[in-house]
Amino acid sequence: MMMNEAFMFVCVSSNIVMEESTKKFTHDSYAICFFPYFFLFCGRGRHRRSEGGMTLYLKAGPDGTSVGDCPFAHFVRLVLEEKGLEYTVQPCTAETKPKWLVEHYEGKMPALRHRKECYTESSVIGDYLEFFFPEPSLQGMKSPGTSVTEGFFPAFAQYIKAAEGKDDSQLQVLQGKLSALNEHFVSSDSSFLEGDSVSLADCRLMPQLFHLQTAIEGFKGGVPDIQTLYPRLNDYYDRFASRTSFQATLYPKETVLWGWGNARK
Ligand SMILES: N[C@@H](CCC(=O)N[C@@H](CS)C(=O)NCC(=O)O)C(=O)O
C-alpha cells in the first residue's frame with residue numbers, strides 16, 4: 001500500500017492524470033504525511049529487477065490459454081521487455097480470471113501484479129513501470145510524438161469494423177491519421193516517435209500498427225497499402241518490429257483476425 005500511495009502522490013504532483021482504476025486507493029490517501037513519501041521518492045529506481053514477481057493478467061486467445069489480441073496488454077509487455085524486467089503472462093478468459101481481480105479490480109485487464117500490488121489501465125501501468133524502473137528511460141520528449149497518435153486507434157477500429165463497401169468516410173479518416181504519422185517521420189527525421197530512442201509512445205503505437213496491418217490484409221483487401229502510401233511510417237514499423245522486445249512479444253496474426261472477426265459481427 002505504501003508504494004501504491006507513493007506512486008499516486010508522485011503522479012499527482014507531476015500532473016499525470018490518474019484513471020478510473022486507481023480511484024480505489026485514493027480515498028485512504030488523504031491523511032498524507034509527506035515525510036515518508038520523500039524517502040519513497042528517493043527509493044525510486046531502487047527496485048532490484050529480480051525482486052518480487054510480476055505477473056501480467058491479459059485477455060486470452062481463442063484457445064483460452066494463449067496470449068490474446070489485446071494491443072493494450074501488448075503495450076505493457078513491450079515496456080517490460082524494453083526495460084529488461086522479468087515477468088510472467090497469465091492469459092485469462094471471463095471464466096478463468098482470478099476472483100480477486102474480479103472482486104477488487106472489476107476484472108479489468110491488462111492487470112499487472114507486482115508482489116502484493118496490482119494496477120490496471122495500461123497507461124497507469126506504463127507510468128508505474130517508468131517511475132519505479134527508470135532505466136532505460138522510455139520518457140521521450142512527450143511532444144509532438146504523443147499528439148500525432150491521438151485518435152489513431154478509434155479511427156482504425158471504426159474502419160476495420162465497417163462493412164465492406166460502406167467505409168469510405170472511415171477510410172478517409174484513417175488515411176488522415178496515417179498521413180499525419182508519415183509526415184511526422186518526414187519532418188522530424190527521427191527514428192522513433194519522440195526522438196531517436198524508443199519511448200512509451202512507440203510501445204503504445206506499435207501493437208496498434210500490428211493490428212492495423214494484419215486486419216487490412218485479412219478484411220480489407222490490403223487497402224490502404226501502407227508500404228506504398230506511407231513509406232516513412234512503414235520504415236518506422238519495420239525498425240521497431242526488428243527489436244528484440246517486439247519479436248519476444250509477437251503473437252500469431254490469426255489471433256488478431258479472430259479478435260477483429262468477433263468485433264465485426
Ligand atoms: N483502457 C484499457 C483497455 C483495456 C482493454 O480494452 N482490454 C480488453 C482487450 S483489448 C480486455 O482485456 N478484454 C477482456 C476482458 O476484459 O475480460 C487499457 O488501456 O488498459
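## Close-up views of a predicted model

**View 1. Helices α8 and α11 pack against each other.** Helix α8 (residues 168-188) and helix α11 (residues 231-241) meet at an angle of about 75°, and their axes lie 7 Å apart. Axes are lines fitted to C-alpha atoms, for helices over the stretch in contact, and angles run from 0 to 180 degrees between N-to-C directions. Helices (H or I, at least four residues) and strands (E, at least two) are DSSP runs, numbered from the N terminus. α8 and α11 are therefore roughly perpendicular to each other. Angles of 65 to 115 degrees count as roughly perpendicular, under 35 as roughly parallel, over 145 as roughly antiparallel and the rest as oblique. From α8, the contact uses L178, L181, N182, F185 and V186; from α11, R232, L233 and Y236. Two residues are in contact if their C-beta atoms, placed from the backbone, lie within 7 Å. The contact of α8 with α11 has 6 nonpolar residues, 1 polar and 1 charged. Ala, Val, Leu, Ile, Met, Phe, Trp, Tyr, Cys and Pro count as nonpolar, Asp, Glu, Lys and Arg as charged, and the others, Gly among them, as polar.

This is a predicted model: local features need pLDDT of at least 70, side-chain atom pairs count only at pLDDT 80 or more, and totals for chains, interfaces and linings use all residues. Residues are numbered from 1 along each chain as its sequence is written.

**View 2. Helices α3 and α5 run roughly parallel.** The axes of α3 (residues 71-82) and α5 (residues 122-132) come within 9 Å and cross at roughly 5°. That makes the two helices, α3 and α5, roughly parallel. F72, F75, V76, V79 and L80 of α3 meet S122, I125, G126 and L129 of α5. By class, this contact of α3 with α5 holds 7 nonpolar, 2 polar and no charged residues.

**View 3. Strand β1 pairs with β2 and with β3.** β1 (residues 54-59) and β2 (residues 88-92) are parallel, with 5 bridges. Strands pair if DSSP finds at least two bridges between them. Y57 has Q90 in β2 as its bridge partner. From β1 the chain passes through α3 to β2, a right-handed β-α-β crossover. Right-handed means that, with the strands pointing away from the viewer, the path from the first strand over the helix to the second runs clockwise. β1 and β3 (residues 111-114) run antiparallel, joined by 4 bridges. Here M54 stands opposite H114 in β3.

**View 4. β3 and β4 form a hairpin.** β3 pairs with β4 (117-120). The two strands are antiparallel, over 4 bridges. A111 faces T120 in β4. There are 2 residues between the strands, and R115 in the turn has a positive phi of about 50°. Most residues other than glycine have a negative phi, and most peptide bonds are trans.

**View 5. Two prolines follow cis peptide bonds.** M109 and P110 are joined by a cis bond with omega about 5°. P110 sits in the loop between α4 (99-105) and β3. From V223 to P224 the bond is also cis, with omega near -5°. P224 lies in the loop between α9 (200-219) and α10 (226-229).

**View 6. A shell of residues surrounds the ligand.** K59, C70, F72, A94, G107, M109, P110, E121 and S122 surround the ligand. The shell divides into 5 nonpolar, 2 polar and 2 charged residues.

Technical notes:
A residue is near a molecule or strand if its C-beta atom, placed from the backbone, lies within 6 Å of it.
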